Amino acid sequence: MTTATTRRPRPRQARTAWWKTATGLVLTAVMLFPVYWMLNVSLTRDQDMRKSPPDLFPVHGTLEGYRKVLDEQLPYLGTSLVIGLGTVVLTVALAAPAGYALAHLRPRGGGVIGFLFLVAQMIPGIIMAMGFYAFYLSLGLLQSVPGLIVADSTLAVPFAVLIFTAFMSGIPEELLQAARTDGAGPLRTFWSIVLPMSRNAVVTVSLFAFLWSWSDFVFASTLANGGAHEPITLGIYHYIGNNNQEWNAIMATAVVASLPATVILVLAQRYVAAGVTAGAVKD
Amino acid sequence: MNRTTGRRLTAVALTVVALATGTTACSSGGSSSAKGDDSGTYTLWDPYPQFAKDSAWAKLLDGCGSKAGVKVERTAFDTSDLTNKVLLAAQQDNSPDVLIVDNPVVSTLAEAGVLTTTDDNKLDTSKVDPNLLAAGQSGGKTYGTPIGANTLALYYNKEVLKAAGVDVASIKDWQSLTAALEKVKKAGKKGITFSAIGTEEGSFQFLPWFWGSGAKLTELDSAQGTSALSLWTDWLKKGYAPNSVINNTQTTSWQEFASGDYAFAENGTWQLANADKAGFDYGVLPIPASSGGNAAAPTGGEFVTVPVQGDTGRYATAQKLVTCLTSTENLYATDTTLSYVAPTSEVQDKQIAADAELKPWVEAVKAAKGRTSDDLGTKYPKISEQMWKAVQSALSGAQSPEDALGKAQSAVK
Amino acid sequence: MNHTTQLPDRRSARAGTGVATAAPPPAPARARRRPTSQQWAAWAFLAPVTLYLVLFYAYPLYRNIDLSLRHYTVRSFVQGDAPFTGLKNYETVFDDPTFAPALVHTVVFTAVCLVFQYVIGLALAVFFNQHFRLSATLRALFLVPWLLPLIVSASTWSWMLNSDSGIVNAALNAVGIGPVNWLTSPSWSLTSVIIANIWIGVPFNLVVLHSGLQSIPHSLYEAAALDGAGAWRRFWNITFPLLRPVSAITLLLGLVYTLKVFDIIWIMTKGGPADSSTTFATWSYRLGFGNLLPSFGPGAAVGNLLVVAALVFGLVYLRVQRKQYAS
């Protein structure tokens with residue numbers, strides 16, 4: 001940021017910057033083309049879906065898909081939001097203390113935990129889901145929002161432990177030493193020094209946890225199907241019938257579902273950038 | 001500032017934990033468990049996620065429930081997901097009281113010991129057409145009753161055929177069909193679209209041609225079987241069918257037909273409602289057999305079954321529910337919404353009386369054949385998997401039809 | 001497993017967390033002699049996550065191993081009385097004609113995706129690390145693909161790559177290149193799913209690498225610029241070496257995520273045609289769930305082979321970390 005402002009006065013620099021913005025725009029456009037295509041399909045009439053060659057713009061656009069989605073899908077969005085936020089809270093609550101312990105308290109065998117998380121991530125999602133199903137059935141947690149929150153958090157916790165450990169090892173040992181000299185126990189140190197200093201890490205982890213739970217489908221379909229509260233990814237399945245799929249409604253749901261999340265993403269972006277940084281690379 | 005955020009965070013975390021434990025405490029054996037203490041609640045699983053909570057289908061279930069004096073709790077699954085869910089639930093001794101499931105799955109579930117026979121559950125299947133009921137029979141036992149049936153036929157675009165100078169009446173066998181495709185292509189239009197995807201859908205679509213050649217599922221690599229696969233392969237090579245069929249689902253294939261460029265599409269009863277929306281004049285033609293006459297098409301559609309319960313006392317009410325769902329007037333309503341053909345002659349007549357366009361479909365369903373019939377039972381899934389693989393290999397040019405089917409047959413053994 | 005536990009404690013505690021090793025090594029004396037009270041505290045902090053690990057990962061893993069060691073039919077799956085057959089399922093899998101192609105495809109898919117995701121991610125990260133108008137917003141937009149459920153993004157790709165009505169072939173046609181059967185020809189299907197998967201993986205690499213870049217002190221670049229080093233030399237001499245820990249963790253996570261990719265391939269090609277895009281992940285799914293009659297045993301066996309692969313790479317990673325640490 002600072003470099004840009006200090007250098008701006010020089011005309012040559014300004015021209016390069018303009019050129020870079022243009023390149024950036026082109027790259028983003030290329031990257032987001034499939035997203036545009038999804039938007040395009042969501043507005044397309046059934047009979048034009050497989051037109052050859054396809055229309056670049058929805059010339060005979062129809063809002064039928066959206067009408068359907070807005071009529072039927074809004075409650076699902078709410079559920080997804082609650083589940084996403086719940087996952088964030090749970091993930092942070094579990095992973096932050098673990099990160100602190102691994103980064104600064106050096107427990108015997110702590111490395112094995114980190115390693116096990118790596119391996120745990122390789123268990124196929126559907127097997128995880130089957131395990132949860134058997135587990136939840138005996139606990140009576142099937143089709144419940146808390147159950148889905150716990151299941152979704154398994155997607156993010158390993159990653160979160162990793163990131164927290166990385167960030168927290170960036171906090172100078174001297175600072176914690178000083179706190180200890182002042183008589184602060186590990187809990188106080190964690191609460192009043194480590195956690196506040198890792199605010200960015202919390203934001204980063206939260207963002208990823210939210211994204212993963214937002215787009216989760218496997219757990220939702222195994223554990224929440226048919227319940228009173230279903231997330232938006234299941235909502236999409238209502239347009240996939242036994243023999244027939246309503247593609248413009250499916251795509252419209254995806255568009256509607258990604259809007260609130262996009263807003264969150266753009267808002268959180270500045271924190272993320274600053275966030276992952278802090279502990280990742282130490283000079 | 002940070003402190004307060006932190007404190008709030010813990011508070012929320014605690015609430016979540018409290019909620020979680022709270023739910024554990026009070027909902028054990030509640031809504032999610034099929035065998036709750038609450039014996040007035042009966043669970044039903046269906047593969048119709050497209051029917052929302054306020055749909056006619058859901059209302060019908062509620063109605064049948066109150067008639068039987070119980071509350072029906074319905075869960076809709078994506079059909080490809082349902083088999084696993086049922087097996088998993090049965091393993092955990094948590095099967096639904098009533099299960100509606102795709103017909104070729106019935107024999108697999110019966111083999112797994114998940115379903116009760118009609119001897120146990122006292123369902124009356126006497127009115128059902130025998131060829132439809134066969135899909136739910138295995139080893140001389142019947143495991144359920146069809147809720148409706150569908151099958152495949154050829155939809156054709158009248159305008160395209162007219163422009164190409166093809167008379168539909170001339171299409172009697174494979175040769176005349178291929179000749180028609182050639183004419184269509186010469187006229188600058190596209191020939192035929194179908195679905196040859198690498199799943200059960202692909203086998204479902206290939207079967208009318210396979211059976212129409214006179215081949216049997218027990219011998220995939222017979223000369224007749226090869227001729228059916230060669231027919232498809234040649235269509236692709238000559239450009240009568242698009243290359244995309246290899247990856248087409250039945251929906252994708254329908255979308256191609258709906259674009260108005262194609263002369264023919266192999267598709268099912270369920271597309272009738274969409275066909276009226278397509279914006280062109282269409283007709284329906286039974287799929288011809290190799291040397292004339294109509295090919296047997298496979299039956300599609302679901303069966304209503306009663307899974308095994310620990311508490312056998314539940315069967316009586318489950319039977320009441322199923323009987324209500326498959327009563328004449330309810331079948332009529334359900335099959336109309338699903339765009340299916342009813343499984344009993346009585347309701348079929350009623351359907352034709354209401355909509356004459358259904359006539360060719362009713363005839364096709366009467367001539368159709370279950371995939372697991374011929375006492376194939378659980379052998380069918382293995383055969384089917386090898387069959388769709390062979391179709392994919394041949395159409396994509398990886399292997400010749402002979403080699404592909406030969407390999408498939410040796411894999412089935 | 002033994003290998004890990006034998007690692008010196010201090011090292012393994014940090015090595016498992018990759019990036020952490022970039023932090024300055026703590027004073028050796030303190031690290032060697034840890035007060036027991038600190039050990040208690042450490043484990044108190046780790047307790048929730050350890051319990052979590054045992055509760056939610058151990059059972060599925062146990063279950064997957066158990067599935068792979070028994071002969072399951074649908075009947076015995078439900079009744080729970082499948083006979084123990086040892087490594088028979090693994091033998092079945094090794095003897096299967098699908099094994100060799102699936103192995104090759106898995107290696108090619110993983111390696112190519114990883115390399116491209118990383119290189120493109122890094123290039124974009126370097127590019128967006130320069131400050132220009134809209135750079136932050138555009139970077140945020142790069143994350144949008146992540147918001148889409150995989151069923152939607154994969155379906156969109158298969159839509160675009162459709163042989164007859166896909167936009168990609170329409171574009172190729174416009175510049176005079178004949179249609180490519182992206183999803184339906186055995187020679188292109190693997191390429192197609194790789195392209196789609198790279199597209200999905202780039203944002204993750206971009207975000208993590210970008211944040212790594214941001215923390216490289218600007219003073220280093222200024223000093224190098226004064227020494228007359230060009231942009232390219234600065235990248236190779238400063239950016240790349242300093243980014244190594246972040247790169248390592250990005251690649252490792254990328255590897256784990258890529259190995260288990262199945263939804264994209266399943267939705268786009270179902271592993272076909274003729275197994276030409278079958279990887280271990282899709283094969284495992286097809287065996288266990290993609291058929292009317294599931295064969296759970298071999299499906300789980302293939303899944304476990306993937307777990308073993310991740311284990312091996314994890315160990316390799318620990319090794320590399322240790323070497324770096326020692327030097």
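The questions and answers below go through chains, contacts and single residues in turn.

Reply: This is a predicted model, in which local features need pLDDT of at least 70 and side-chain atom pairs count only at pLDDT 80 or more, while totals for chains, interfaces and linings use all residues. Residues are numbered from 1 along each chain as its sequence is written, and chains are lettered from A and ligands numbered from 1 in the order in which they are written.

Me: How many helices are there in chain A?

Reply: Helices (H or I, at least four residues) and strands (E, at least two) are DSSP runs, numbered from the N terminus. Read from that end, the elements of chain A run α-α-α-α-α-α-α-α-α-α-α-α-α. Chain A has zero strands, and its number of helices is 13.

Me: What percentage of the residues of chain A count as buried?

Reply: A residue is called buried if 20 or more other C-beta atoms, placed from the backbone, lie within 10 Å of its own, exposed if 12 or fewer do, and partly exposed in between. Among the 283 residues of chain A, the share that counts as buried is 60%.

Me: Why is A:Arg45 classed as partly exposed?

Reply: A:Arg45 lies in the loop between α2 (11–42) and α3 (64–72) of chain A. Leaving aside residues up to four places away in sequence, A:Arg45 touches A:His60 and A:Thr62, where contact means that the C-beta atoms, placed from the backbone, lie within 7 Å. A:Arg45 is partly exposed because the number of other C-beta atoms within 10 Å is 18.

Me: Which helix supplies the largest share of the side of chain A that touches chain C?

Reply: The contact takes 90 residues from chain A and 96 residues from chain C. The chain A side divides into 60 nonpolar, 21 polar and nine charged residues, where Ala, Val, Leu, Ile, Met, Phe, Trp, Tyr, Cys and Pro count as nonpolar, Asp, Glu, Lys and Arg as charged, and the others, Gly among them, as polar. The largest share of that side, 16 residues, comes from residues 247–280 of chain A, which form helix α13.

Me: Which helix gives the largest share of the side of chain B that touches chain C?

Reply: Here the contact takes 31 residues from chain B and 25 residues from chain C. At least two residues of the chain B side come from each of α3 (79–91), α4 (103–111) and α17 (379–395) of chain B. By class, that side has 11 nonpolar, 16 polar and four charged residues. Its largest share, six residues, comes from α17(B).

Me: At roughly what angle do the axes of α2 and α13 of chain B cross?

Reply: Axes are lines fitted to C-alpha atoms, for helices over the stretch in contact, and angles run from 0 to 180 degrees between N-to-C directions. The axes of α2 (residues 56–68) and α13 (residues 315–325) of chain B come within 9 Å, and their crossing angle is roughly 135°.

Me: How many buried residues does helix α12 of chain C have?

Reply: Helix α12 of chain C spans residues 218–226 and is hardly covered. After α12(C) comes C:Gly228, whose phi is positive, near 85°. Among the nine residues of α12(C), the count of buried residues is zero.

How values were computed:
Two residues are in contact if their C-beta atoms, placed from the backbone, lie within 7 Å.
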